[in-house]
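User: I have a model open and would like to learn how to read its features. Can you take me through it step by step?

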Amino acid sequence: MNNNIVKACVIGDPVEHSLSPLIHTYWLNAYEISGCYSAHAIAAGQLQKGVKKLIDEGYAGFNVTIPHKQAVMDLCDEINETARSIGAVNTVIIGEDKKLTGMNTDVRGFIENILQERPAFDFEDKTALVLGAGGAARAVVYGLKASGVKIIYVANRTEGKAQKIAADFGCKVLSWAERVSHATDTDIIVNTTSLGMAGQGALEFDLADFSKDTLVCDIVYKPLDTNLILAAKQRGMPYVTGIGMLLHQAQPAFQEWFGFWPEVTEDLKKKALEAAQ
Ligand code: ATR
């Protein structure tokens, strides 16, 4: 391969269904940048070896997906403040000195998607309900707090994990059974669980007691219309689907590796959606 081509990739296991190659390749073509972006399956026990190979082959960096988002932190020479607070890295830059810098752009993806889709929504002093307490929930809670949300309720099937997030970020815990108990004070609901995703169970969540102005967000994008999004549509509530988060988290990484800020266009959104469904 030509050495002038800037190389980046996504690593994970499984990684073959990742939409990141489609997104980055779309931008490389659109902006006529001499680069390539591929997907590399690296098993959990092979992370260090796999990353060393990327460094040796002159990669500019890589995205990180399941199951490496936490483990890759041990391999980074530097981790930025956001990624450190969240406890997960999804983007790594390999410097010319071969040093690794870890970042988390999921937060930016989540917030920017809402800003683009619902520009009228004001985060300041609002109350949020976050469903789930995994890695995605930590990024969402961090982003909501950083954007000015005042009170965040976290409800998770395994309550101990919700308590950990609450302790780390100053949230309030609701039991999974009580997840709609603060309906009347909630301005924004975010589903970060895998419920609603194709092949998973449906999220059982009754929107009846929530105000019709409550913003309903789902980070699941396969299918785009999860049962939560469908319920919000039926009640005439504002909603934000998950595909935009994926597109917006990719922008800062592209700029870091390829030196150009790419746009999330309607055409790209359409292509990513077609590939996701
Ligand atoms: P991610 O990094 O994408 O957040 P994760 O860490 O595996 O992924 O988290 C998945 C989330 O979906 C968790 O909050 C999980 O709840 P538990 O902590 O109790 O496992 C939630 N989840 C998955 N299946 C669920 C189910 N059937 N009912 C309720 N919550 C579920």
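Analyst: Gladly. This is a predicted model. Start with one residue. Glu 32 is exposed, with a relative accessible area of 74%. The cut-off for exposed is over 50%.

User: Where is Glu 32 in the chain?

Analyst: Glu 32 sits in the loop between H1 and E2. Look at its backbone too. Its phi is near 50 degrees, a positive value in a residue other than glycine.

User: Which loop holds Lys 98, and what is its phi?

Analyst: Lys 98 belongs to the loop between E5 and E6. Its phi is near 70 degrees, positive again although the residue is not glycine.

User: How does Lys 98 count in terms of accessibility?

Analyst: Lys 98 counts as partly exposed, at 48% relative accessibility. That class lies between the limits of 20% and 50%.

User: Now the sheet. How do strands of a sheet pair?

Analyst: Strands pair through backbone hydrogen bonds, either parallel or antiparallel. Here, six strands form an open sheet with mixed pairing. Read across, the order is E2-E1-E3-E5-E6-E4.

User: Which strands are at the edges?

Analyst: Strand E2 (35-41) and strand E4 (78-79). Each of these pairs on one side only.

User: Which strands does helix H2 touch?

Analyst: H2 (residues 47-56) packs on the sheet and touches E1, E2, E3, strand E5 (91-94) and strand E6 (100-103). Compare directions next. H2 makes about 170 degrees with E1.

User: And what does helix H1 lie across?

Analyst: H1 (residues 20-30) lies across E1, E2 and E3. Its direction is at about 170 degrees to that of E2.

User: Last topic: peptide bonds. Which residues does a cis peptide bond join, with omega about 5 degrees?

Analyst: Read omega along the backbone. Pro 67 lies in the loop between E3 and E4. A cis bond also joins Lys 222 and Pro 223, where omega is about 5 degrees.

User: Where is Pro 223?

Analyst: In the loop between strand E11 (215-218) and helix H7 (227-235).

Terms used. Residues are numbered from 1 along each chain as its sequence is written. This is a predicted model: local features need pLDDT of at least 70, side-chain atom pairs count only at pLDDT 80 or more; totals for chains, interfaces and linings use all residues. Side-chain values use heavy atoms; hydrogens and water are left out. Two strands pair if DSSP finds at least two bridges between them. Helices (H or I, at least four residues) and strands (E, at least two) are DSSP runs, numbered from the N terminus. Contact means heavy atoms within 4.5 Å. Axes are lines fitted to C-alpha atoms, for helices over the stretch in contact, and angles run from 0 to 180 degrees between N-to-C directions. Buried means under 20% relative accessible area, exposed over 50%, partly exposed in between (1.4 Å probe, protein chains only).
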